[in-house]
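Welcome! Have a look at the picture below before reading on.

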Amino acid sequence: MDEVFRALADPSRRRLLDSLNARNGQTLRELCAELDMARQSVSKHLAVLESANLITTRRSGREKLHYLNAEPINAIADRWITRYHRARVHALADLKRALEANPMSERSERTINTADNAFVYTTYIKTTPERLWQALTDPAFTNRYWGAGFDTDWQPGSEMVWHQRDWTSRDSEQVVLEADPYTRLSYTWHTFDPAFATTFEMNPDDVAAWAREPRSKVTFEIEPQGETVKLTVIHDGFEPGSAVLAGISGGWPSILSSLKTLLETGESLPEPVA
């Protein structure tokens, strides 16, 4: 956490984060345009941010794309919530004001994680690849930190039956895409139907609109890092302006924070206080 605060102390690095918050998935050349600074200096700032896990990177062809990673900020919020018993919304609001003290803030709120039509999130968990794989695939784990379970043999092409609360989703296009144990897992996202709207008390018209969007997919990349495992979640396949992307961008951080807590402490996080 000290490393995160040191990284955030520099105003140029905060500007880089603001730029990624407004438009995720930028190249070094695009980020250099945001600062009156040499390319080498921007590269050094990005290295500090990546070392603090405030950004994560992916290769797309010959380009290296940079993404804002919310995990350390969520960890700070969770620590403050636990210590002072503050409501989650207040903790995040206080942190947001500290990090976004510039005119880009209002635009950032509306566009977070949506500009490149993908959600990317990286976290480091003190566990093993085998244990993490089990947590991603075994309903005994997924139900504890997610409240969802899957019926499938985890073979590429196999159908996934999704269970959450009293809702069950079965669809021939709801399938496993990749399953390389302890390394990489990918599957298509679930179907949205009227029963989903009823179970989760959502507006049926909104859910019907989600159902008309192209089906997205989620990928989990697992990399051992000494005593920890680096988990990168990539949820993509969205069309511009996707309402589903806006929804999952708010949901994944909570799910992954609870996954990390479960694997490291044996207890999942409690439901956030409204």
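Let us begin with a single residue and its surroundings. Leaving aside its neighbours within four places in sequence, Ser-258 touches Tyr-145, Ser-268 and Leu-269. Ser-258 sits in helix 12. Is Ser-258 buried or exposed? Its relative accessibility is 5%, and because buried means under 20%, Ser-258 counts as buried.

Please keep in mind that what you see is a predicted model.

Helix 12 covers residues 243–265. With 23 residues, helix 12 reaches 34 Å from its first C-alpha to its last, close to the 33 Å expected at 1.5 Å a residue. Where does helix 12 bend? The bend, of about 25°, is at Gly-251, and the proline Pro-253 follows within four residues.

At the start of helix 12, Ser-242 brings a side-chain oxygen to within 3.2 Å of the backbone nitrogen of Val-244. After helix 12 comes Gly-266, with a positive phi near 90°.

Five strands make up an open sheet in the order 3-10-9-8-7, and their pairing is antiparallel. Which strands are at the edges? They are strand 3 (118–125) and strand 7 (176–180), each of which pairs on one side only. On average, neighbouring strands of this sheet are turned by 10° against each other, direction ignored.

Helix 12 packs on it, touching strand 3, strand 9 and strand 10, and the direction of helix 12 makes about 10° with that of strand 3. Helix 8 (residues 129–137) lies across strand 3, strand 7, strand 8 (184–188), strand 9 (217–225) and strand 10. Relative to strand 9, helix 8 runs at about 160°.

**A hairpin**

Strand 1 (residues 55–60) and strand 2 (residues 63–68) also run antiparallel, with six bridges joining them. One of the paired positions is Ile-55, whose bridge partner in strand 2 is Leu-68. How many residues lie between strand 1 and strand 2 in their hairpin? There are two, and Gly-61 in the turn has a positive phi of about 65°.

**Positive phi away from glycine**

Most residues other than glycine have a negative phi. Tyr-182, which is not a glycine, has a positive phi near 70°, and Glu-201 likewise has a positive phi, of about 50°, without being a glycine. Tyr-182 belongs to the loop between strand 7 and strand 8. Glu-201 is placed in the loop between helix 10 (194–199) and helix 11 (204–211).

Helix 11 also holds Ala-208. From Ala-208 to Asp-193 there are 15 residues in sequence, and the two are 7.0 Å apart in space, C-alpha to C-alpha.

| Residue | Relative accessibility | Class |
|---|---|---|
| Ser-258 | 5% | buried |
| Ala-208 | 31% | partly exposed |
| Tyr-182 | 39% | partly exposed |
| Glu-201 | 74% | exposed |

The classes follow from two cut-offs: a residue is buried under 20% and exposed over 50%, so a value in between counts as partly exposed.

**The whole chain**

Stepping back, how many helices and strands are there in the chain? The chain has twelve helices and ten strands. Of its 274 residues, 45% are buried. Looking at contacts between residues at least 6 apart in sequence, 57% join residues at least 24 apart.

Notes: Residues are numbered from 1 along each chain as its sequence is written. This is a predicted model: local features need pLDDT of at least 70, side-chain atom pairs count only at pLDDT 80 or more; totals for chains, interfaces and linings use all residues. Side-chain values use heavy atoms; hydrogens and water are left out. Two strands pair if DSSP finds at least two bridges between them. Axes are lines fitted to C-alpha atoms, for helices over the stretch in contact, and angles run from 0 to 180 degrees between N-to-C directions. Contact means heavy atoms within 4.5 Å. The expected span of a helix is 1.5 Å times one less than its number of residues. The bend at a residue is the angle between axes fitted to the seven residues ending there and the seven starting there. A polar contact is a pair of N or O atoms within 3.5 Å; within protein, one must be able to donate a hydrogen and the other to accept it, and residues adjacent in sequence count only if both atoms are side-chain atoms. Buried means under 20% relative accessible area, exposed over 50%, partly exposed in between (1.4 Å probe, protein chains only).
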